[in-house]
Amino acid sequence: MHPVRSDLASLDTHQRDMRSGYLGGAPGVLVSGSVWAVAACFAAWVSPERAMWALFGGGVVIHPIAVLCARLLGAPGRHTPGNPLGALAMATTFWMIAMLPLAYAIALWRIELFFPAMLLVIGGRYLCFHTLYGKRLYWVMGAVLGLAAWGLASLGAPPVWGAAAGACIEIGFAFLLLAGARREAGGRAIPV
C-alpha cells in the first residue's frame, strides 16, 4: 500500500473513533452553546461584566457535561487510548485557554468587543475540529463564528448580541452535528 494512502486511512480510523466516542462533538457544541445562552441572559439582565464571567465559568464545565451528555446518548464519551487526535483536542484546549487573557484585556478596553473576541477564539478552535472529527461542517461553523464576530465588532453591537450570536450559532450547529452522528450510526438510534 502507498504510504500516504496508509496514513490517510489511519487518520480516517482515528477520526471515526473520535466521532463515535463523542457523537461527532455535538454534545460539546450544544453544551458550549448553552453556556453562551446563559452568558446572554446575564448580559441582558445583570451586566456585561457578569456575562463575561458566566462565559468563563461555564467554559470550565463544558467538557465534563458534554461527556455526560454523550454517555446519556449512548456514546462512550471517550476515545480509544492511544488515539493521537486526543493530543490535538488537548492542544486546541490549551490554545483557547491561552487566548482568554487577551479577550479579558480587550474587555477592559471595550466591553462590547469581548464577545466578538471570544467568538473568534472559539471559531478558530472549531476550525481545528475538522481534523479532529473529519467533518467539514466545523470549517463552516468556524467561519460563521468569525464572520459574526467581525460583523458584531463592526457594528459596535451591545454585549448581549454577541453572547446571543454565540448561543444561536453553536446550538444550531450542534443539531446539525447530531443529525450527522445519527446518519453515521446507521440503524442505531441516538436518543434525543
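Q: Which hand does the crossing of helix 2 and helix 3 have?
A: The crossing of helix 2 and helix 3 is right-handed; that label applies if the near helix is turned clockwise from the far one by less than a right angle, and left-handed if anticlockwise. Helices here are DSSP runs (H or I, at least four residues), numbered from the N terminus. This is a predicted model, where local features need pLDDT of at least 70 and side-chain atom pairs count only at pLDDT 80 or more, while totals for chains, interfaces and linings use all residues. Residues are numbered from 1 along each chain as its sequence is written, and side-chain values use heavy atoms, with hydrogens and water left out.

Q: And at what angle do the axes of helix 2 and helix 3 cross?
A: Roughly 160°, with the axes coming within 7 Å. Helix 2 and helix 3 are therefore roughly antiparallel, the word for angles over 145 degrees. The axes are lines fitted to C-alpha atoms over the stretch in contact, and angles run from 0 to 180 degrees between N-to-C directions.

Q: OK, salt bridges. How many does the structure hold?
A: Three, counting a side-chain nitrogen of Lys or Arg within 4 Å of a carboxyl oxygen of Asp or Glu.

Q: What does Arg19 pair with?
A: Glu184, with the closest N and O atoms 2.8 Å apart. Arg19 lies in helix 1 and Glu184 in helix 8 (residues 159-185), so this pair ties together parts that are 165 residues apart in sequence.

Q: Is Arg19 buried or exposed?
A: Arg19 is buried, at 10% relative accessible area, whereas Glu184 is partly exposed at 37%. Buried means under 20%, exposed over 50%, and partly exposed in between (1.4 Å probe, protein chains only).

Q: What about Arg16, which residue is its partner?
A: Asp12, at 2.7 Å between the closest N and O atoms. Arg16 and Asp12 are four residues apart in helix 1 (residues 3-22), so about one helical turn separates them.

Q: And Arg110?
A: The Arg110 side chain meets that of Glu112 in a salt bridge, 2.6 Å from N to O.

Q: Switching topic: where is Phe115?
A: Phe115 sits in helix 6 (residues 114-133) and is buried, with 1% relative accessible area. Its C-alpha is 9.5 Å from that of Trp36, 79 residues apart along the chain.

Q: Last one: where does Val38 lie?
A: In helix 2 (residues 26-45), and Val38 is partly exposed at 42% relative accessibility.

Terms used. Helices (H or I, at least four residues) and strands (E, at least two) are DSSP runs, numbered from the N terminus. Angles under 35 degrees count as roughly parallel, over 145 as roughly antiparallel, 65 to 115 as roughly perpendicular and the rest as oblique.
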